[in-house]
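Here is a short briefing on a chain, its fold and its partner. The structure comes first, then the points by topic.

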Amino acid sequence: MTEFAEIWTYLSTDPLLWLTLTLAAYGAGDALFKASGRKPMVNPVLIAVAFLAVLLQLTGTSYATYFAGAQFVHFMLGPATVALAIPLYANLNHIKKAALPMIAALVAGSLAAMLSAVGIGVALGLDTNILLALIPKSATAPVALGVSEAIGGSPSLTAVFVITTGITGAIIATPLLNLLRITDWRARGFAVGLASHGIGTARAFQVNETAGAFSGVGMGLNALLTALIAPIIAQWLLG
Amino acid sequence: MLRIMIIHLATLLAFQLLGEVTSRGLDLPLPGPVIGMALLFVTCVIWPRLAETIAPTTTVLLGHLSLLFVPAGVGVVGHLDKFGSDGAALGVAIIGSTVVAITVGALTFVGLRKLTGTSHD
């Protein structure tokens with residue numbers, strides 16, 4: 001009989017274990033989310049991340065070892081981003097009808113996201129390198145990471161900010177928009193997508209199909225705008 | 001069923017690949033998947049049957065979009081020290097700016113819709 005320590009030595013460095021645990025942790029988080037009656041506070045991503053982070057700490061496993069397994073899940077972000085074209089296309093008629101409000105909301109919302117983050121950060125005395133990583137946080141993960149690297153921020157720090165922003169948006173969107181008395185699913189979805197990318201969009205799809213589609217549009221358009229504007233804000237911050 | 005999903009997935013990957021090549025080839029500041037999304041969108045406008053065909057697969061993929069963020073999120077373990085010293089300030093900046101962005105975005109959308117008289121549907 002092989003010692004558990006030996007089996008663990010194999011398992012802990014093999015991609016299979018961490019890939020399995022990533023799917024299982026998310027599955028458990030999703031089950032809790034459904035059992036809670038889909039409460040936004042019970043966020044499956046947050047549950048899975050917290051569980052896995054604690055597990056890595058307890059077992060002394062490095063993030064690089066974890067990621068060797070989890071990268072197969074991470075890789076699917078690319079095709080999923082491409083797939084957003086389909087709900088976008090399905091809502092083409094809605095989009096054409098609301099083109100002007102969308103463009104205005106995009107520019108105002110995108111600037112508000114980046115400038116308010118930097119403004120609050122400066123006021124609270126955050127370091128410049130943290131501020132740079134904070135600028136693209138409302139954009140979808142693959143875009144935000146690329147932008148962060150281009151403007152001299154830390155991509156792995158940005159990854160964490162992107163996730164935190166997404167979860168924040170998913171949790172606060174419904175109560176906040178109800179408080180603002182906004183009933184138009186297009187406006188609600190669009191604002192959530194531009195502010196909190198894919199995690200907000202995943203949440204929007206759970207609430208309403210139209211909101212989800214517009215959230216996807218907001219996320220896609222803000223990815224484009226963030227890539228264009230973030231370098232200008234970074235230059236102004238450093239100048 | 002699986003064979004069809006594989007073909008659909010290959011289609012998505014092909015558009016991503018096209019996006020990567022375009023992004024690098026033309027030195028664009030946009031990531032490959034975003035360009036791939038734009039190219040797939042344009043292709044669907046020209047050839048609507050493509051959207052109908054791959055919709056079952058994209059619905060499944062987008063229905064589980066949250067899962068795909070877990071690996072990047074676990075990266076938080078490498079930055080726990082920063083969250084110790086700057087955690088509160090970062091929390092305020094992230095929550096504050098998300099509230100501001102959603103509020104500004106939604107109010108601008110509704111304001112412009114009323115201004116231009118676009119229908120509410």
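Predicted model: local features only at pLDDT ≥ 70, side-chain atom pairs only at ≥ 80, totals over all residues.

Residues are numbered from 1 along each chain as its sequence is written, while chains are lettered from A and ligands numbered from 1 in the order in which they are written.

**Fold of chain B**
- Chain B has 5 helices and 0 strands; these are DSSP runs, with helices H or I of at least four residues and strands E of at least two, numbered from the N terminus.
- Along the sequence, the pattern is α-α-α-α-α.
- Chain B is more spread out than a compact globule, because its radius of gyration is 20 Å, well over the 14 Å from the globule rule for 121 residues. The radius is taken over C-alpha atoms, and the rule is 2.2 Å times the number of residues to the power 0.38.

**Contacts between the chains**
- In all, 94 residues of chain A are in contact with 64 residues of chain B (C-beta atoms, placed from the backbone, within 7 Å).
- Helix α11 (residues 155-179) of chain A gives the largest share of chain A's side, 15 residues.

Technical notes: Contact = placed C-beta atoms within 7 Å.
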